[in-house]
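Please keep the sequence and the structure in view while reading.

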Amino acid sequence: MTKEEKAKQYETIAKEIAAVIDGEDNITARMATVSNILHHGFDHYFWTGFYVVDPNKPEELVIGPYQGTLGCLRIPFGKGVCGTAASTKTTQVVEDVHAFPGHIACDARSESEIVVPVLDKTGALIAVLDVDSDKPAMFDEVDQDGLEAIINASFGN
């Protein structure tokens, strides 16, 4: 898939997600829908889901709605790709997860990953969207732009 084709696919998926979640206020339903549509929209998506900030442990992420194999149940802020995205509130694009310091191997088949912070309307972190591929270097700036736009439209505005 070319970068142009991938960008178009993100635009199509963004419209589908927006239509499905329109009027839905429940955050779990929104996350389940976003992870499902994204997961089935791209062949290179191996695991697609959310880790939610635990209200009882605000420096820890707990598994939320996802598609794919079993995920880690909890991830501390600052640990691995998801914890780094949570603590910095910045998207992490990782071509080789095995080279990422402190990578957490929830599934040994994961090779590359992108993690997008999910912020509410006030800018507070509520979750991270984690997408893994079982192939190396599958995520780039097109994925980052597409996913950030979908997350902002679905949860931030």
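## Helix α1 beside helix α4

In this predicted model, α1 and α4 run roughly parallel to each other, because their axes cross at roughly 10 degrees and angles under 35 degrees count as roughly parallel. The axes of α1 and α4, the latter spanning residues 141-156, come within 9 Å.

On the α1 side the contact is formed by Lys-3, Lys-6, Ala-7, Tyr-10, Ile-13, Ala-14, Ile-17 and Ile-21, which meet Glu-141, Val-142, Asp-143, Gly-146, Leu-147, Ile-150 and Ser-154 of α4. Sorted by class, this contact of α1 with α4 holds nine nonpolar, two polar and four charged residues.

## Helix α1 beside helix α2

Helix α1 (residues 3-21) also packs with helix α2 (residues 27-41), their axes coming within 10 Å and crossing at roughly 150 degrees. That angle makes α1 roughly antiparallel to α2, and the crossing of the two is right-handed.

Here α1 contributes Gln-9, Tyr-10, Ile-13, Glu-16, Ile-17, Val-20 and Ile-21, while α2 contributes Arg-30, Thr-33, Val-34, Ile-37, Leu-38 and Gly-41. The residues of this contact of α1 with α2 comprise eight nonpolar, three polar and two charged.

## The largest pocket

The largest pocket, with a volume of about 180 Å³, is lined by Met-1, Thr-2, Lys-3, Lys-6, Gln-9, Gly-41, Phe-42, Asp-43, His-44, Met-138 and Asp-140. Helix α1 gives the most to this lining, with three residues, and by class the lining of the largest pocket divides into three nonpolar, four polar and four charged residues.

Methods. Residues are numbered from 1 along each chain as its sequence is written. This is a predicted model: local features need pLDDT of at least 70, side-chain atom pairs count only at pLDDT 80 or more; totals for chains, interfaces and linings use all residues. Side-chain values use heavy atoms; hydrogens and water are left out. Axes are lines fitted to C-alpha atoms, for helices over the stretch in contact, and angles run from 0 to 180 degrees between N-to-C directions. Helices (H or I, at least four residues) and strands (E, at least two) are DSSP runs, numbered from the N terminus. Angles under 35 degrees count as roughly parallel, over 145 as roughly antiparallel, 65 to 115 as roughly perpendicular and the rest as oblique. A crossing is left-handed if the near helix is turned anticlockwise from the far one by less than a right angle, and right-handed if clockwise. Contact means heavy atoms within 4.5 Å. Ala, Val, Leu, Ile, Met, Phe, Trp, Tyr, Cys and Pro count as nonpolar, Asp, Glu, Lys and Arg as charged, and the others, Gly among them, as polar. On a 1 Å grid over the protein atoms alone, a cavity is a set of points where a 1.4 Å probe fits but cannot get out, and a pocket is an open set with protein on both sides within 12 Å along at least five of seven lines; lining residues have an atom within 4 Å of a point. Grid points are joined across faces, edges and corners, and a volume is the space filled by probe spheres set on the points.
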